[in-house]
Every structure is written in structure tokens, then in C-alpha cells.
Amino acid sequence: MNGSAQDRVILLVEDNPDDQALAIRALKRHHIGNEIVIAHDGVEALDYLYGTGAYADRDIKIKPTVVLLDLKLPRIDGLEVLRRIREHDLTKLLPVVVLTTSSEEQDLLKSYSLGCNSYIRKPVDFLQFSEAIRQLGMYWLLMNEPPPV
Amino acid sequence: MNQELLAKLRNCCRDEAAFEELQQALVHEIHPLRQEVQQANFQVERQKALFHVITRLREPIDLDTIFRATAAEVRQLLGADRVGMFRFYPDSGWDDGEFVSEDVDPDFSSAIAQKVHDHCFGEQFAVHYEQGRVQNVADIYNAGLSDCHIQILSQFQVRANLVVPLLQGRNLWGLLCIHQCRAPRQWQDTEIEFVQQIAEHLAVALHHAELLAELRAEVVERQQAQQRAQEFNQGLQQAIIELKAVNKELEAFSYSVSHDLRAPLRSIDGFSQALLEDCLEQLDATGQDYLRRIRAATQRMGQLIDDLLTLSRVTRSDLRKESVDLSRLASRICIHLQQLYPERPVEFEIQPHLFVHGDARLLQVVLDNLLNNAWKFTTGQTQARIEFGATEAENGTPVYFVRDNGVGFDMVFVNKLFKPFQRLHRMQEFPGNGIGLATVQRIIHRHGGQVWAEGDLNQGATFSFTLAAEEFSP
């Protein structure tokens, strides 16, 4: 088991600092006090998950409860990150929520084909965005039973 | 007469005078017999020659070969010095031509390819030849021929000649000429008749050649048409490739719009809201109002981007046609509108079971826009009424329509309706960005149909559309 709901880590893969700030603000607004790890691009996200690069010392047995994944990222893009997560034995069951600006059919199709658990389009209206984050936190952190380790 | 036979007869008749008489009588009897035999032989040879000519006509050989072989046979049979096929140049008015084929005694020169110009022939003789005239001259110097005619004939060493027309259909194509060069010659009726028959058979060959030429021309024409079609097709393929490239670019552009233009809007909206939440006390009412305006404008811009993306998606997405129940689509949209705004009493009338063949998602966008417009422009109407149904055009094509009794519009501006960003009302009256009807028009055009609007100020509006002629009822 991953411990109590508060101990669960959220991995936010997002390169836009504004979006990072807004996502964190939205989480805080709804009193979701979990640790939020921010990866600024695909490489950092994979480093965190597999204990490489800057995260070489990390205990990779501790997995995030949910990955909030943007698609448009520098270096390695979100779809590629998703593909590697699903390929890797360690992370193939990890809940991944695509959180992106795009509502292009091709992105939806590719994301679901690669096995994302949910796809959320970030609304322009912050109040709507905030509500989406609240529901997301409620669902993935409180209601959803994570896959067994 | 046979000398042996004469000796036997002399022995039988001891009287010399009687023998003389007998001999006279026999000669008198035998001479015509001999002539008849000769004639019969000629007839046989003539039949053989004709048979050869006819047989050759049945074979798929070219005109040149037919002419050459026929000339040789005719010359041999008649014992003539030259047999030639003379051809008039087309459109020369029968004044000019040349020998295109011949068979000639080696003692005389060839007439092939020597151009002949006779300025009086076309005018004086062509008509007669066309009707089957035969020229039969035993001696060109004693036949009352004109000087120029004699000059032309002597050019080919002709002393006697027999000329019959070669007809192609009813047109005088050329002449079949039999020349006797070494001496004058009296042409026999049977010989003339024979040459006429040959000419008639050659006319068949000419007719075949004409048909063949027509056929070849047609084949060439078809090949050219095919070539043109192929070139056109290649051009089209190229255009498709270019169009695909443009489409790809457009897709990339839309993708980047979808991502990059919206992201700053989220920041503007998000941090404006953060200011309203975190720094409310530091802002007076005006400051708060400004922030709300910023947020409203940001959200409008977000909507605008979304609508533009829909418009561009409508253009580039593939059509997936299936049977679509427009009535059901319309009902669902109306129910949804009524649920969103339960305070507005609107009367809906939807004709049931209107099935079409089209892209369900795109047709949903069409009805969404038209019904939302109807809903919007009947705001403030005490007895709002929205109708969806179908009528039939004069040619039997179904015409679908959305009709409302709202504010309508002035028909003067009807052309502006379907252009993107064109609006007929102020934002405060009726919100919108002027993209909806442009999107509707694109979808209808992609379905091969037409869309148009009719209305009057304060008298409501009717938006009608057709789809490609494949509609069917299940």
C-alpha cells in the first residue's frame, strides 16, 4: 500500500510555469495538501519515475499516485513519456491523467491508444480549471484504489 | 492453217480447183472459230484476273500492295506498256495529281511521283469521270485532243490510252490509266469492260482504305484524348499532393493555435482570478470591475479560438457518411437548450423521422448552430416558437429548415450572414462571434448541398439547407 492519502505524491509534468502555479493554486484551493513533484519536461519526468539523472538517489519503489501529464513538452513530449510509462514493468499500471490544452482528435486518440487513464482539457476559465482539478484530486487521491505494488 | 492438214486435203482432192474451193470454205469457217476461241481464252484470263483482284481485296493488305499487284496483272492480261493509278491531290479541284502506283514495261520510263498539272481537267472532265466516263483513245495524235492534253500524255510516251475513273464513294479519287506506248492501239469492248470492272473493285479497296483511315484517325483521337485525360489526371494528382501538403500545414497551424494561443489566456484569466481572490481588499470597485472585464474578454477569446478551430476542423476532417436521423439530433439539442434555460418558455415543433445520409458529427454542428441561433434570437419574444422540418424543392430535393419567430434580419444584409466574423447585432443585444453560420455553410458545402436564409426585421428567420442527392429513408 502507498500509505495514507496525504502521503501520496502527485507528479505534475508541466513546462509552463504559469500553468504550474495555477495548478498548484487550484490544488491548494481545494485543500489537497499532497506533495506535488514538478517535472519541467519529459526527461525529468522519466528521471523521476526510474531514478535516473537528477533523481539517481531516489527510491523508485515510491511511486506517484497519479501523473498529471501535459502533452506539449520540451525534449521528450508527453505522448512519448506515456508510451514509456506503459512499456516499463515498474510503471505500466500507474494512473496517468493527460492534462493538456489540446482537444485535437489525434491527441485524444493517441493518448487513449497509449493507455492514459483520463484526458482533461484545461479550460481557459480558471474557475472551471479549478473545479476540474478539485474533481481530479477527489477522484484519484481519495476515491480511486491504486493498483497493487 | 495447219500445213499437214492441207497436204492431206490436197491428196484427197485430185482436182486443184476443188481443193482451192475447199480451202476457202474451211478458212471462212475456221477464222471466226479461232476468234471465238481467242475471245473465250481472254474471258477466262479476265475472270482469273478479276478473281485475283477480288481475293486480294478480302485480305488485310494495304492499298499500295493491292495497286501494285493489280497493275501487274492488268498489264500482263492486256499486253499494255503501262498500267498506272493516278491520284488527284485532295482539294486541288482535280487539276493536279500524280501516279501513285504503276506497272510498266522496262522499255519505258516510270511515271511514278511525276506531278501532273492540267488546268482544264478539273473544269471540263472531272464531272464526267465522276459519272463513270471512260476515255478510250487509239492514237493520241488522231483523236482531236487538245495540245496541252497531248503534251501531258507524250510526257509519258503514251500513244494510245484507256482511262477509267477510280471512285472513292461518290468522289473522284483518281484514274486507272492503261497506256500503250510503242504503237497506237484499238481497244476492244471486252478490254474496256474488263478495265471498268477492275476499277469498280479498286473502288471497294479505296472505300476500305477510307474507312481504315477514319478508324485510325479515331484511334489517334482517342489516344490523344486518353493522353490528355492522363495529363489532366497527373495535374490533378499533383494538385492533390499540394493540397495535402497545405492541409498538413494547416493542421500543424491549428494544432499550434490550439495549444499556444490558449495557454496565455489561461494565465491571464487565472491570475486575474487570483488577484480577485487574494487582493480583494486592495482593489476598489473599479479595479475589481476591470479585472472582471479582463476575465470576460479572455474567456471570449478562448471561445473564439475554439470556434475557429471547429471551423478549420470542419474543413479538413474526413467525411464519414452514414444514415443520420436529423429529427432526433434536433430534438436532443432542443431538450438540452430547454434544460439550460428552463425559465424561457419556447414552443418547439420538430418534424419526426427526417433521415439523411451524412456525417453525423458535422450535421450535429449544423443543427447546434442553427437551433442555438434560433434560441438566441427569440430571446425576449413572449411566444417564442422554433420549428425544424423539411419541404421539397421543385426538382424533388428535400429542403430542411430551421424557422423561428425572433428578431429576424434585414434581407439587405443576407450576404453577410455566412461570412466569418460578420455580425448583424451588437454584442450587448445578442452575444456571438460570427463564426457559427460560416461553419454551417462549410459543412453543408462539404456535403454537396446549399444553405440560404430568409428573414425580415422582427418577423423571424428561416435557415434552409439541402444535402447531396443521396438522401434516403430507411
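Across the interface of chain B and chain A, 10 residue pairs are in polar contact, both residues at pLDDT 80 or more; a polar contact is a pair of N or O atoms within 3.5 Å, where within protein one must be able to donate a hydrogen and the other to accept it, and residues adjacent in sequence count only if both atoms are side-chain atoms. The model is predicted, with local features needing pLDDT of at least 70 and side-chain atom pairs counted only at pLDDT 80 or more, while totals for chains, interfaces and linings use all residues. Residues are numbered from 1 along each chain as its sequence is written, chains are lettered from A in the order in which they are written, and side-chain values use heavy atoms, with hydrogens and water left out.

On the side of chain B that touches chain A, the elements giving two or more residues are H7 and H8 of chain B (helices are DSSP runs of H or I with at least four residues, numbered from the N terminus). H7(B) provides the largest share of that side, 17 residues. By class, the side of chain B comprises 6 nonpolar, 8 polar and 13 charged residues (Ala, Val, Leu, Ile, Met, Phe, Trp, Tyr, Cys and Pro count as nonpolar, Asp, Glu, Lys and Arg as charged, and the others, Gly among them, as polar).

The contact, defined by heavy atoms within 4.5 Å, takes 27 residues from chain B and 23 residues from chain A. Between them the chains bury about 2,200 Å², 45% of it on carbon and sulfur atoms; buried area is the accessible area (1.4 Å probe) that two parts lose on being put together, summed over both. In chain B, the residues losing the most area to chain A are B:Tyr255, B:His259 and B:Arg266, together 31% of what that side buries.

In one of them, the side chains of B:Glu277 and A:Arg25 meet at 2.8 Å, N to O. This pair crosses between chains, from helix H7 of chain B to helix H1 (residues 17-29) of chain A.

Definitions and conventions:
Salt bridge = Lys/Arg side-chain N within 4 Å of Asp/Glu carboxyl O.
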